[in-house]
Protein chains: 2
Amino acid sequence: MDTHILLPIALMLAGAKILGEASERFLKMPAVLAEIVVGIVLGKSVFGVVDGGNLILQAIAGIGAVFLLFEVGLECDLDEIFRVGFQSLWVAIAGVTITIGSCVVAARFLGHPSSQALFIAAAFASTSVGITARVFSDLSALQTREARIVLGAAVVDDVIGLIVLAIVSGLATTTFAVSDVFRTSSFAIIFLVGAVVIGRIATPLLLKWARKMKTRAAVSMAAVVLCMLMASVAEMVQLAPIIGAFAAGVVLAKTQEKVRFEEKVKSIGDMFVPLFFVIVGARMDLSALTPSVALSALLFVVIACAAKVIAGLSVPGKGIGRWVVGVGMIPRGEVSLIFASIGQTQHLISPAIYASIVFVVIATTFITPPILKLATLRFERQASVPAT
Amino acid sequence: MDTHILLPIALMLAGAKILGEASERFLKMPAVLAEIVVGIVLGKSVFGVVDGGNLILQAIAGIGAVFLLFEVGLECDLDEIFRVGFQSLWVAIAGVTITIGSCVVAARFLGHPSSQALFIAAAFASTSVGITARVFSDLSALQTREARIVLGAAVVDDVIGLIVLAIVSGLATTTFAVSDVFRTSSFAIIFLVGAVVIGRIATPLLLKWARKMKTRAAVSMAAVVLCMLMASVAEMVQLAPIIGAFAAGVVLAKTQEKVRFEEKVKSIGDMFVPLFFVIVGARMDLSALTPSVALSALLFVVIACAAKVIAGLSVPGKGIGRWVVGVGMIPRGEVSLIFASIGQTQHLISPAIYASIVFVVIATTFITPPILKLATLRFERQASVPAT
């Protein structure tokens with residue numbers, strides 16, 4: 001194995017920042033898209049300077065995914081989610097259910113065995129919190145009711161997505177059995193609830209103790225240790241490490257020491273989260289995207305968009321821009337890519353499916369901003385016309 | 001290879017912080033000692049939960065060493081070194097020369113071939129800036145003339161040590177030839193001077209450009225990219241990557257953007273630098289420290305101490321606490337451990353020599369504070385007695 005990883009890291013970070021800037025500035029697209037594209041360009045499909053299959057780089061991508069979900073957890077206010085109201089919950093559950101249902105049917109239709117079809121479908125279940133927030137913020141619409149519904153739903157469906165990941169990655173390796181579904185989902189729920197309950201009691205003590213320490217960076221390293229420990233515990237009980245990292249973030253989100261470690265933890269994420277997305281791109285084999293695979297990927301794009309739009313249109317309540325909500329839920333992102341990454345590492349999915357998932361993430365993120373703009377304009381025009 | 005690295009990382013960081021705190025608080029010893037000891041305990045010598053030979057962990061240790069030298073470079077004010085005066089330069093050059101000369105003789109006496117003897121001797125050449133600063137600061141003596149001489153000399157001998165490292169790691173693989181010494185040392189000096197000159201011109205432009213970018217963490221990632229790039233260039237011209245990282249730090253030390261990235265870069269170092277020291281410890285095989293090896297290691301401790309004390313005693317000038325300067329120069333640290341780490345990775349040194357180097361670092365750091373206290377008290381008593 002090639003152990004010279006400093007040059008690949010430098011190239012990946014430089015590419016991610018330069019293309020990320022160009023994409024944000026000129027295309028008004030989130031940097032994450034550019035990071036995936038940089039990976040595809042540096043990876044085996046084009047220049048071949050980054051070997052996405054290198055175990056050291058995969059470990060670094062894994063650290064990146066852990067920090068990504070740790071940050072998502074830190075931003076995730078459980079009380080807010082419990083308050084977020086009926087509409088977000090509705091959109092989240094409807095979106096996940098419709099996506100998984102329709103994608104399973106499509107995947108079966110395309111000839112995938114049922115356990116794999118479920119894995120593919122589940123990969124498309126969760127809307128990306130980060131990308132969605134970015135898109136609404138670019139439209140200066142973060143404070144609208146629709147944006148709040150979408151963001152709430154996106155956080156909720158991340159949690160659902162992580163639980164589904166635990167279930168389907170367990171299932172895909174064994175034959176399908178209802179008892180397995182029950183066992184793995186109970187594991188996941190017990191772990192998440194247990195981690196949050198125990199964590200909420202234990203972490204204030206841990207952090208209080210770390211705060212009294214004189215050694216350098218004690219508080220931020222206590223947070224990192226907690227994150228890594230919970231990620232390893234998740235791994236031990238056959239869940240994805242990122243579930244533990246997310247739980248650690250949720251637990252630490254409400255501590256009063258958060259201000260002391262948040263910036264430092266984010267600085268580590270600044271380096272490793274882009275590397276995760278770039279390495280995900282580098283692992284994509286463009287040549288796996290044959291015309292027939294591309295066609296099936298397109299089918300998934302259409303279904304993935306339709307499922308979320310239908311979920312948005314179905315939301316009850318008066319005066320809600322249902323199209324805005326539905327379109328806002330379209331972008332897939334980190335959770336889908338983590339499905340792809342775990343699926344490939346555990347040999348659950350073929351390079352073709354891997355390429356399809358990355359394709360869907362790129363496509364849904366690309367088409368959302370213009371459609372969302374249209375939907376928003378249309379809704380505002382309707383809303384400004386007094387009801388007759 | 002075991003790719004489950006989250007648990008080892010969590011354990012290493014937790015151990016480093018807990019033992020580091022205990023060592024600073026109760027033993028008044030720098031945390032770095034505790035980190036090495038944590039590594040020895042977690043490594044194959046005791047519990048075996050951290051496999052120091054794992055390539056992923058070695059890559060992480062490598063990233064840690066790069067960030068360590070990057071930070072040392074960032075703290076290194078070239079103008080200050082040029083101003084630091086004659087005494088520091090004297091102590092540095094005398095210390096390095098006497099250490100290498102006497103240790104080569106000792107190593108040859110112990111039966112090591114000459115190129116390896118030079119590698120061992122060079123490993124003991126540099127005083128640790130970090131540990132020395134810590135020890136003087138614990139004595140509240142950082143502002144004394146002696147402390148300034150020692151710290152200046154420690155920075156200078158780090159630079160000399162890095163150049164010597166470039167020379168001897170090239171030599172140890174080939175047969176000894178004066179032309180090789182000349183070639184490698186010219187390479188190292190041309191690289192360092194070239195990197196600093198080009199860097200000082202190019203980096204203000206690079207950072208100015210990064211500052212205008214809107215994408216997240218552009219300035220700090222520009223600094224990290226520069227560090228990684230220069231580390232890879234150093235690697236390409238057969239020098240150690242840390243030399244490039246150090247040069248990158250020196251180049252960036254004087255930029256006005258330093259305030260914008262320094263904290264963020266240090267936050268990444270907070271995680272990876274302790275991991276470097278812990279993994280160095282984990283790679284030590286205690287069983288390699290047989291009675292005869294331990295005895296030869298003790299010999300190196302005595303010589304390493306004597307060489308620096310003699311260098312201190314030889315310093316010209318009036319009213320200087322020569323013993324304080326000499327004793328202050330005793331602690332070996334990061335540069336010695338990097339020699340050990342590179343030597344083992346490139347199979348230049350045996351486990352016994354590796355263990356001896358780690359032993360010398362631990363021993364010199366342990367004995368310095370009490371002796372320095374004695375030397376300081378003695379000097380103050382003499383100074384307060386009016387000359388008769």
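In the predicted model, 41 residues of chain A are in contact with 41 residues of chain B, two residues being in contact if their C-beta atoms, placed from the backbone, lie within 7 Å. Two or more residues on the side of chain A that touches chain B come from each of α1 (6-26), α3 (55-75), α10 (218-236) and α12 (258-282) of chain A. The largest share, eleven residues, is that of α1(A). By residue type, this side of chain A divides into 25 nonpolar, seven polar and nine charged; Ala, Val, Leu, Ile, Met, Phe, Trp, Tyr, Cys and Pro count as nonpolar, Asp, Glu, Lys and Arg as charged, and the others, Gly among them, as polar.

The same surface serves both copies, as 100% of the contact residues of chain A recur in chain B.

Chain A has 16 helices and zero strands (DSSP runs numbered from the N terminus; helices are H or I of at least four residues, strands E of at least two). Of its 388 residues, 60% count as buried, that is, with 20 or more other C-beta atoms, placed from the backbone, within 10 Å of their own.

Residues are numbered from 1 along each chain as its sequence is written, and chains are lettered from A and ligands numbered from 1 in the order in which they are written. As this is a predicted model, local features need pLDDT of at least 70 and side-chain atom pairs count only at pLDDT 80 or more, while totals for chains, interfaces and linings use all residues.

Definitions and conventions: A residue is buried if 20 or more other C-beta atoms lie within 10 Å of its own, exposed if 12 or fewer, and partly exposed in between; C-beta atoms are placed from the backbone.
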